[in-house]
Amino acid sequence: MCNLKKAVAIIILVLLIDQISKIYIKTNFLYGEEVVVFDWFRIHFIENNGMAWGAEFGGRTGKLFLTVFRLFAIGGIGYWLYTSVKKNAHNALIIAISLIFAGALGNIIDSVFYGVIFNTPYNETATLFAEEPYGELLYGKVVDMLYFPMWKGTLPEWFPYKGGEPFTFFNAIFNVADAAISIAVAILIIFNKKAFPKEEEITEITD
């Protein structure tokens, strides 16, 4: 019960921060608007169809496939979390799966619902529960805003493939849901042995 309550608390907290930040950005920022917090951290409002790094495939059909696939995937992640809690898995695994579930669900909410609750004017901020929304159910765009351009400059000529070209590290723009998933992956890598103990170790613990 303790692990279940912990998992639910993590999921709710991540979802609240994720959705509140997205709604705030969408209703207060113009598309493409940027606020410089530090040289290495900026709030920059963009949207994408939901794939990593803003990639797209297959037009409307691809977008629908991606959204439906994510709905099935979230069911699988939820089952993974349920069985892990039931088996009294290590805290690291419970926390990681909870973060993955919350992150996936956060972006699914955008993909499923944002197209029918927001409009997307490009010369003013968007309206929540707009009379003329920009899309349809299952065709919403995911809101991104966290930008960490830690270094900008020109790569030396000897650098393979990109030598002499402008380069930004780190140039991805993401959101709280993406960050939760990334943190979860880091937890699984760092605490791999504890999260996924070998059968002998499990036997020793149960004995």
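1. Leucine 138 counts as partly exposed, because its relative accessibility is 23% and the buried class ends at under 20%. This residue sits in the loop between α3 and β3, and its phi is near 80 degrees, which is a positive value in a residue other than glycine.

2. Phenylalanine 129 also belongs to the loop between α3 (91-117) and β3 (142-147), and although phenylalanine 129 is not a glycine, it has a positive phi of about 55 degrees. With a relative accessibility of 63%, phenylalanine 129 counts as exposed, since that class takes in values over 50%.

3. A further backbone feature to inspect is the cis peptide bond that joins phenylalanine 169 and phenylalanine 170, where omega is about 15 degrees. Phenylalanine 170 lies in the loop between β5 (166-169) and β6 (173-174).

4. Please bear in mind that these remarks concern a predicted model, for which the mean pLDDT of the protein is 89, with 90% of the residues reaching 70 or more. Residues 203-207 call for caution, as pLDDT stays under 50 over them and the model has zero contacts there beyond four places in sequence.

5. As to the overall architecture, the protein has six helices and six strands, and from the N terminus on these elements follow the order α-β-β-α-α-β-β-β-β-α-α-α. The C-alpha atoms fill a box of roughly 65 × 55 × 35 Å along the principal axes. Of the contacts between residues at least 6 apart in sequence, 64% join residues that are at least 24 apart.

6. Turning to burial and surface, buried residues account for 40% of the 207 residues in the protein. The accessible surface comes to about 12,600 Å², and 66% of this surface belongs to carbon and sulfur atoms.

7. How many cavities of 30 Å³ or more are there? The count comes to two, and the second largest cavity has a volume of about 40 Å³. The residues that line this second largest cavity include Lys26, Phe29, Leu30, Tyr31 and Phe45, and also Thr120, Pro121, Glu124, Thr125 and Ala126. By class, the lining of the second largest cavity divides into six nonpolar, two polar and two charged residues, with Lys26 and Glu124 among the lining residues and both Lys and Glu counted as charged.

Note on methods. Residues are numbered from 1 along each chain as its sequence is written. This is a predicted model: local features need pLDDT of at least 70, side-chain atom pairs count only at pLDDT 80 or more; totals for chains, interfaces and linings use all residues. Side-chain values use heavy atoms; hydrogens and water are left out. On a 1 Å grid over the protein atoms alone, a cavity is a set of points where a 1.4 Å probe fits but cannot get out, and a pocket is an open set with protein on both sides within 12 Å along at least five of seven lines; lining residues have an atom within 4 Å of a point. Grid points are joined across faces, edges and corners, and a volume is the space filled by probe spheres set on the points. pLDDT is the predictor's confidence in each residue, from 0 to 100. Contact means heavy atoms within 4.5 Å. Helices (H or I, at least four residues) and strands (E, at least two) are DSSP runs, numbered from the N terminus. Buried means under 20% relative accessible area, exposed over 50%, partly exposed in between (1.4 Å probe, protein chains only). Accessible areas come from the Shrake-Rupley method with a 1.4 Å probe; for residues, only the protein chains shown count as cover.
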